[in-house]
Every structure is written in structure tokens, then in C-alpha cells.
Amino acid sequence: MTRAARSRQLLFVGRCNDTATQMAEAFAATLMFPVGIAAASAGLTPTHVQPWAVRVMAEIGLDISPQVAKPLLAFEPATINTLVLVEHGIGLPLGFQAVPQIQWRLDPAAAMPRPADARLADQRKLRDRVELLVFRLITSGALSRPHASH
């Protein structure tokens with residue numbers, strides 16, 4: 001099967017694949033499935049989906065609790081049409097460097113302990129920002145532009 005005959009694959013990449021990438025995958029999968037774009041997420045060193053992310057996504061009716069953190073190397077670069085580098089400073093393995101990329105450069109949430117209400121507010125802001133970025137990505141036409149084969 002030729003690349004053109006397959007659905008297009010969009011991969012959101014972060015360090016841990018635990019929060020923003022999981023949110024982006026859920027938004028993109030919901031919004032882009034009808035137009036034949038498959039969305040997934042991965043991390044350089046995946047951990048687990050953060051409970052805060054699950055909670056704030058559930059608030060808007062998206063259940064990401066079944067999602068799991070996945071390693072980037074579980075994906076074949078030739079099957080990916082576009083990489084969205086969600087965090088600032090992501091260094092890609094060699095095989096992925098030739099895949100067309102979009103840089104979001106979100107800063108991960110601070111690792112310092114914070115009160116639960118402040119942490120929840122931070123996660124809601126992150127969710128809303130990710131939703132806006134996914135929407136802009138879809139409406140910008142960037143995903144429909146032809147990319148050089150790699």
C-alpha cells in the first residue's frame with residue numbers, strides 16, 4: 001500500500017507522554033478522525049498518564065483514562081506524516097529527524113509541590129491551551145500540505 005493510500009498519521013511527542021501529549025492526542029483524535037487523520041502520542045521516556053490530566057479532560061467529556069504512555073521508538077518513522085513537538089527542547093532520535101515537524105514549545109508544568117487547587121487550575125489552563133493549539137493546527141491547513149517523502 002502506498003503512503004498516499006494510508007490515512008495520515010499525526011504524532012504528538014513529549015518527554016514523558018504523560019500530560020499535554022495525551023491531551024493533544026485526545027483532542028486530535030476526536031476532531032480529525034472524520035477527515036482521515038490518525039492521531040497518537042509518544043514520549044522519549046514515557047511514564048504514565050497523569051491523574052490530573054485524566055481529571056481535567058473528564059471535566060469536558062473526554063475520557064483519556066484508557067490511554068497509556070508510549071515510547072517514541074514504538075513508532076516507525078516512515079508511517080508518520082507529521083510530528084508535533086509539544087515541549088521545548090525535544091531531541092529526536094535520528095530516524096525521526098527527517099519527519100516534518102511542528103514546534104509547540106510548551107513548557108512542562110513545574111515539578112515543585114503545589115496546593116491541589118493551584119495544580120488543578122494549572123492543568124485546566126494547559127488543557128485549554130492544548131485544545132486551542134490542536135484546533136489551530138487543524139484549521140491552519142498545515143496537515144494537508146504535501147510533505148516530501150522520507
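Predicted model: local features only at pLDDT ≥ 70, side-chain atom pairs only at ≥ 80, totals over all residues.
Colleague: How many residues does H3 have, and what span is expected for it at 1.5 Å a residue?

Modeller: Helix H3 covers residues 116-140, which makes 25 residues, and from its first C-alpha to its last it reaches 36 Å, close to the 36 Å expected at 1.5 Å a residue.

Colleague: Which elements do the buried residues of H3 pack against?

Modeller: The buried residues of H3, including Leu 126, Arg 127, Val 130 and Leu 137, pack against strands S1 (8-14), S3 (82-87) and S4 (101-106) as well as helices H1 (20-32) and H2 (51-58).

Colleague: How many of the residues of H1 are buried, and what do they pack against?

Modeller: H1 is mostly covered, with 10 of its 13 residues buried, among them Ala 20, Gln 22, Phe 27 and Met 32; the buried residues of H1 pack against S1, strand S2 (37-43), H2, S3, S4 and H3.

Colleague: Is Val 68 buried or exposed?

Modeller: Residues count as exposed when their relative accessible area is over 50%, so Val 68, at 51% relative accessibility, counts as exposed. Val 68 is placed in the loop between H2 and S3, and, leaving aside neighbours within four places in sequence, it is in contact with Asn 17, Gln 22 and Val 49. Although Val 68 and Pro 46 are 22 residues apart in sequence, their C-alpha atoms are 9.0 Å apart in space.

Terms used:
Residues numbered from 1 in each chain as written. Heavy atoms only, no water. Helix = DSSP H or I, 4+ residues; strand = E, 2+ residues; numbered from the N terminus. Expected span 1.5 Å × (residues − 1). Buried < 20%, exposed > 50% of the residue type's maximum accessible area, 1.4 Å probe, protein only. Contact = heavy atoms within 4.5 Å.
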